[in-house]
Amino acid sequence: MLIRPYASGDVDATIKIFLRSIREVSSKDYSAAQIEAWAKVEDRSLWAERRISRPAWIAEIAGKPVGFSDLTNDGCLDMMFVHPEFQRVGVATRLLRRVEEEALRLVCGRIYTEASRTARPFFERKGFRVITRQIVEKRGQRLENFLMEKLYV
C-alpha cells in the first residue's frame, strides 16, 4: 500500500470512493433517505479545490486509489473514506497515521473530526474520544454524527 499526496488528477477517484463508501458501507447505519441526501457531490470544482487547498493523501493498492483523507491547518480531519472493496485491510489506519504525522509537523495539539456512526468505532479504537453527539442537516435529512478528538500533548 502506498500513501501519497493528493494530486489534481485524483478528483474523480476521490468522488467515486466517497460516494461508494457512503452508499455501500454507511448504509448499514443510516436510512436510505439519509444516504441519498448525504451521497452527493454537486460541485466537482469545489470538491477539487477543497482537496488541493490542504494537505490530503491518497491510499493506493497496486496503483489503484482505494482511500483518501485530508487535514486542515487547525487539525480538522475533514474527510477519510475507504473504498468498500478495501475495508478492514488497514487503509484507514495507514491514512490516519499519515494525518497524525502531518498534525505533529503543523504542531497541532489535537486532531478532531465529525465521525459518522459508521466511523466512530474506528476512531475510538485509535484513541479518539467523543466530545459531543451532533445532528447535522443534509438536504433536508437529519444525520447523527460525533465530534471527536485526539490530543497530542
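Visitor: Which residue in strand 7 does Thr132 stand opposite?

Guide: Leu147. Strands here are DSSP E runs of at least two residues, and helices are H or I runs of at least four, numbered from the N terminus. This is a predicted model, where local features need pLDDT of at least 70, side-chain atom pairs count only at pLDDT 80 or more, and totals for chains, interfaces and linings use all residues. Residues are numbered from 1 along each chain as its sequence is written, and side-chain values use heavy atoms, with hydrogens and water left out.

Visitor: How many bridges join strand 6 to strand 7?

Guide: Nine, and the two strands run antiparallel. Pairing requires at least two bridges found by DSSP.

Visitor: What is the strand order in the sheet?

Guide: The order is 5-7-6, in an open sheet with antiparallel pairing. Strand 5 (110-116) and strand 6 (129-138) each have a single partner, so one side of each lacks a neighbour in the sheet.

Visitor: Switching to the largest nonpolar core: which residues touch the most other members?

Guide: Leu77, Met80, Val91, Leu95 and Phe123, out of 23 residues. Such a core is a set of buried Ala, Val, Leu, Ile, Met, Phe, Trp, Tyr and Cys residues joined through side-chain atoms within 4.5 Å; buried means under 20% relative accessible area with a 1.4 Å probe, protein chains only.

Visitor: Which element gives the largest share?

Guide: Helix 4, with six residues.

Visitor: And what is Val91 in contact with?

Guide: Beyond neighbours within four places in sequence, its contacts (heavy atoms within 4.5 Å) include Met1, Ala59, Ile61 and Phe86.

Note on methods
Buried < 20%, exposed > 50% of the residue type's maximum accessible area, 1.4 Å probe, protein only.
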